[in-house]
Every structure is written in C-alpha cells, then in structure tokens.
Amino acid sequence: MGPFTILAQAISDKIGFPIDQVRLLLLLALCYPLGAVFCTILSPRHVSATTRHIFSASVGVAMVWTCFGWEILILFGVVGGSYALLWLAPATVVQRYSMVWAMGCLSAAHIYRLLTDYGGYTMDYTGPLMVHVQKITLVAYALHDGLARDESDLNADQKLQQIHKPPSLFEYICYMFNFQSALCGPSCTFKQYLRYMDGSDLRQPQTTDGKAPSGPPSPLWPTLSKLMYSLLCFSVHFTVSKYYSYDIISDSKYMSSLPSLLITSFMLGLLTRFRYYFGWHLLDSIHNASGMGFSGYDSSGNPKWDIMTNCEVMKVELPVNLRMAANDGWNITTSKWLRRVCYERVKGADPNLMSFILSAFWHGFYPGYYLMFVFFGIANEASRKLRRLIRPHFQTSDFMKRFYDVITTLVTKCVVDFGYLPFILLWLDKGLLYWSYFYYIPLVAVCVVAFLFPSGKREGSGSKTGVISSKLPSETTHNIEPEKAKTD
C-alpha cells in the first residue's frame, strides 16, 4: 500500500467511514490547494491554455486512478469510442450515435453493478462514467448544431454552445478528465470549459454606465461561503442520521401512526437531501476555488458564480410547484443537460416524458428509481392541470396569492417526499411498502387528476411547460444580466 492508502485506511479505521469514501473526500480536499495554484500561478494571465489543460487533466487522471485503479481503462475506452464517432459519424446523426454509445456503455455498467453489488454503495467507475455521458453527448449535440443545423433554427443557448469541427483529441480528453470534475462532476458544456481554460470567461464586460469592473472577480468569497454551507449541510445530515435511518420503513407498527408516518417521511427526506446538498455545495466550492464557475454580473454589478451550482436549497425546501423542486433547485446541471440534449429536441412526443425516460436510464435500473420517475411523471401532468384550473381563482388579491403559494408549497413538499423515498430505498418491495402506509392515496390522487381532469386553459403564450422546462441562460460575461434562451 502507498502512503495515501495507508492514510485513508487509518482515517477510515478511526472514524468508521468506508475507505472508498474517505479516499474520495481526501482527494476532494486536495482540490482546494490545487485549485489555488491553478487560479494563481497557472492562471490564464500567466500561462497558456495548453499548460492549464495538461496540468488539469494529469491531476484528474491521477485522482481517478487513485480511486478506481484499472477501472480507469473502461473510462478511456468509452471516451475513445465517443471521440471516434465525432469523426466517423455523419454530422446529421452524430448526436444519436453518441447518445446510443454513451448510454449503452453506462447501462452495461449499471447492470453489471446490479449483478455484483445489488443495493450496495461501494464506489466504482460508474460515478465518473455518468458525468462522462453528459459531456460526451453535450459535445456531440454541439457539433451537430454547428455542422448540420441552420443558424436560424438554433435557440440562443445552442448558438452559444455550438462547435463547427470536432475538438482535438487532446482537448477532448482534458475536458473529460479535468481534476475539478473528474471524480464526481458536475458537468459543463465544452465551450464553457474552453472559455474557462483560456480565460475568456473572465474578460471584463462594459456595464450599462460604461464602466468596467476593476480586475477579474475574486473566487475567495464564493469558495469559502459554499464550503461553509456544505459543512453546515453535513452537520444537519449527521445529526438527523443519529435518530433516523431507512430501516425504520420496515417497522410497520411505528409507521402505522399518521403523525409518525408524516414526521418520518419528512426526516428521511431531510436526511437524504442534506447529504446531497453537502456534496453539491462542496463540488461547487471546489470549482470556484480554481476559478471556474463565473457566469457574469447581475444587474447590481455583483459577480455570479453559478455555472457549476447544482442545487438551490430554498427552492427545494420551500417549492411552490413541482418544477421548482425537481428542476430549478435540484441537480441543476443534470436538468440543464436533459434540456440541452432531450427536452428542446423532441419532436412528435411529450418532451417531459422523454426527458424522464432518459433521466431514469441515466440513473440506473433499480426498481425504486422507476417508481419515483413514473410517479413524478404523472404528478407533473397533474400539477400542470391543477395550476391551470385553480390558480386563476387565487389571483384576486395579494392575500389570496400568498395563501395559494402556502398551500401549494405544503402540497408539493408532501408529494416530493412521497415520490422520492422509493428512489433512495432502491428495492421494489421497500418502495411499495412505504407507499402502502399511505394506502397509495397520493398515487391515486395524482392519477385521477392527470388522467380524468380537463386540461384547462394554458397560461402565457403557449410555450412548453413542465418539470424540465426552466430556461437556460445564455451565459456570457459581455452583458450585466444574461438574456434568457428561447425555449419554443
């Protein structure tokens, strides 16, 4: 064993955490000093983009090797096959071939994991591969947009992200294995990555009054604030875990009490969500520490560091509708990926349904996943119908508007907890057991609304609405407040 493994094993023995998780956390902690070097000594003002590529990818490959050993060869194989498709497949269908290749490899990995470690949480190459699938397809669709589609057919975000030739193998591998996201993600587009590496994301815009900010924005505050927030989220998760565990679902006597059922549902949801909040804020902080994530300035001239932001806690904890909870605030970069490669491109089918299907296959094949996705798919349609039918009656005064928001927030929270816990429980019998404590009433209710209620009158101009329907920013630093991309 090398010194790093010895250290990880010693810490694992001391605190009782699995060694694979300790190893990952140690490598993520190492990203902070590496990020400081990358942001200062290796900043684009001092070195070339090539130097930054080499350093970032070399460190990323070393980290993946440290965590997963020879499994890294599988990642290189998937990346190599996807790169070959960029050159061999016609531009008109390269995005389809790339999607089939990437999702096929990921599906095979998920199935192998089901057969060898069903229900386990041992870390393997599947996690990085999920991030690679997003990056592979983002590049393929950007190439398709740049070579096979008319400029007038592209929306604002597609125009910004399109590329007009396959990237070099060097840039492609560096994009896949940059050290900030090599282990856990999140993903960004290829153009966002290139702008970050050459420093063009930090070029100073002219403000509306003709003044330019003095010097590039400092990542210190967003890095520290997100790190502190991640530690706070971990403390909440750790505290709740002392009193609640998922095994309590099997205690039918305890769960038969309605107050116990509601409190337990809320606390188990809290336990799960704050674990993800911890990880996502930590990863966002790591990217900011290396100067990555800057997206421009808001209307007040304050810098925004949100390109790699993956959650907004208040939108998830106090959502007024399902879209805010599931898309606007939760796993944001994956929602953006689904929109870029699926929702905006579906023709002749329901874009929300197709996005749900892609998301389900991307996550894996545990039955609990599909209980959640089926339920949320139906609940999404039910929420849209109820909104169109009921909301206009609550717009008569400020009090009624606030009352409507309070009621919809409470209902959305209950719906999210009911639908999400089977995803965490994984097993079909455990997910159905949990739902049975509610006598399946929420499931029956959303089915009745979704399939039997009239659609009602669509609000607004008729643009698409749904769980995967929030607009994408055009992400340019040349405007104080980036314009919104068209979604029709």
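The second largest cavity is lined by eleven residues, and Ser187, Cys188, Thr333, Lys336 and Arg340 lie nearest its centre. A cavity here is a set of points, on a 1 Å grid over the protein atoms alone, where a 1.4 Å probe fits but cannot get out; lining residues have an atom within 4 Å of a point. This is a predicted model: local features need pLDDT of at least 70, side-chain atom pairs count only at pLDDT 80 or more, and totals for chains, interfaces and linings use all residues. Residues are numbered from 1 along each chain as its sequence is written, and side-chain values use heavy atoms, without hydrogens and water.

The second largest cavity has a volume of about 60 Å³. Its lining divides into four nonpolar, four polar and three charged residues. Helix α15 gives the most, with four residues.

Now look at α15 itself. Helix α15 covers residues 332-341, and ten of its ten residues are buried (under 20% relative accessible area, 1.4 Å probe, protein chains only). Among them are Thr333, Lys336, Trp337 and Arg340. What covers the buried residues includes α5 (94-116), α6 (126-148) and α16 (351-363).

Next comes the largest cavity. Its volume is about 110 Å³. The elements that give two or more residues to its lining are α6, α7 and α15. Of its 13 lining residues, Leu138, Ala142, Gln161, Arg340 and Arg345 lie nearest the centre. Helix α6 gives the most, with four residues. By class, this lining has five nonpolar, three polar and five charged residues.

Terms used. Buried means under 20% relative accessible area, exposed over 50%, partly exposed in between (1.4 Å probe, protein chains only). Contact means heavy atoms within 4.5 Å. On a 1 Å grid over the protein atoms alone, a cavity is a set of points where a 1.4 Å probe fits but cannot get out, and a pocket is an open set with protein on both sides within 12 Å along at least five of seven lines; lining residues have an atom within 4 Å of a point. Grid points are joined across faces, edges and corners, and a volume is the space filled by probe spheres set on the points. Ala, Val, Leu, Ile, Met, Phe, Trp, Tyr, Cys and Pro count as nonpolar, Asp, Glu, Lys and Arg as charged, and the others, Gly among them, as polar.
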